[in-house]
Amino acid sequence: MTIERAQTDSPWEEEIGFARAVAAGDRVLVAGTMPLVGGVLYGEGDPYEQTKVAFSNALAALEPFGLGADAVIRTRMYLTHARDVDAAARAHKELFDAVRPTATLVVVSGFADSRVLVEVELEAFREATST
């Protein structure tokens, strides 16, 4: 089995030593992804916007593997406040309603950047190919 890795411009990847996405066989896993673009936080104080941007970033990490939202089989959403569940769920439904991946949503105590309200992860499936 071949393992492929994809990096982005996130400084966290270099600092911590991880890949944004890793493909192993027919699965592609996308690491925890925040609503940061070019080091700038989008949607400060807005859990709906942060969820959309974080998932947009995570979906972009699937692109090097030729995958999009239709390949997503699992999502995970981490929120800092239970009050934000409805906003995050609304953003998730807009992006994945037609796909219907399994989904997990949990409330955590916080993130490395205290302005972040949402972090997301994805798992996607790709057809197995012979190597």
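**Salt bridges and their surroundings**

Modeller: Let's begin with Arg 83 and Asp 84, whose side chains meet in a salt bridge at 3.7 Å, N to O (a salt bridge is a side-chain nitrogen of Lys or Arg within 4 Å of a carboxyl oxygen of Asp or Glu). Please keep in mind that this is a predicted model, in which local features need pLDDT of at least 70 and side-chain atom pairs count only at pLDDT 80 or more, while totals for chains, interfaces and linings use all residues. Residues are numbered from 1 along each chain as its sequence is written, and side-chain values use heavy atoms, with hydrogens and water left out.

Asp 84 belongs to the loop between strand E6 (72–79) and helix H3 (85–96) (helices, H or I with at least four residues, and strands, E with at least two, are DSSP runs numbered from the N terminus). Setting aside residues up to four places away in sequence, Asp 84 touches Pro 47, Leu 79 and Leu 117 (a contact means heavy atoms within 4.5 Å).

In total, the structure holds 9 salt bridges. As a general point, side chains of opposite charge can pair when their charged atoms come close. One of these bridges joins Lys 93 and Asp 97, with the closest N and O atoms 3.5 Å apart; Asp 97 is partly exposed, at 32% relative accessible area. Asp 113 and Arg 115 form another, at 2.7 Å from N to O. Here Asp 113 counts as buried at 16%, and Arg 115 as partly exposed at 35%. Beyond such pairs, salt bridges that share partners link Arg 27, Arg 76, Glu 121 and Glu 123 into one network. Over the whole protein there are 12 positive and 20 negative side chains, and the centres of the two sets are 5 Å apart (Lys and Arg count as positive, Asp and Glu as negative, without His and the chain ends; each charge is placed at NZ of Lys, CZ of Arg, CG of Asp or CD of Glu).

The protein has 3 helices and 8 strands, in the order β-α-β-β-β-β-α-β-α-β-β from the N terminus. Its radius of gyration is 14 Å, close to the 14 Å that the globule rule gives for 131 residues, so it is as compact as a globular protein of that length (the radius is taken over C-alpha atoms, and the rule is 2.2 Å times the number of residues to the power 0.38). Of the 131 residues, 40% count as buried. Among contacts between residues at least 6 apart in sequence, 68% join residues at least 24 apart.

Phe 65 and Ala 21 are 44 residues apart in sequence, with their C-alpha atoms 9.4 Å apart in space. Leaving out neighbours within four places in sequence, the contacts of Phe 65 include Ala 21, Val 28 and Arg 126.

Methods. Buried < 20%, exposed > 50% of the residue type's maximum accessible area, 1.4 Å probe, protein only.
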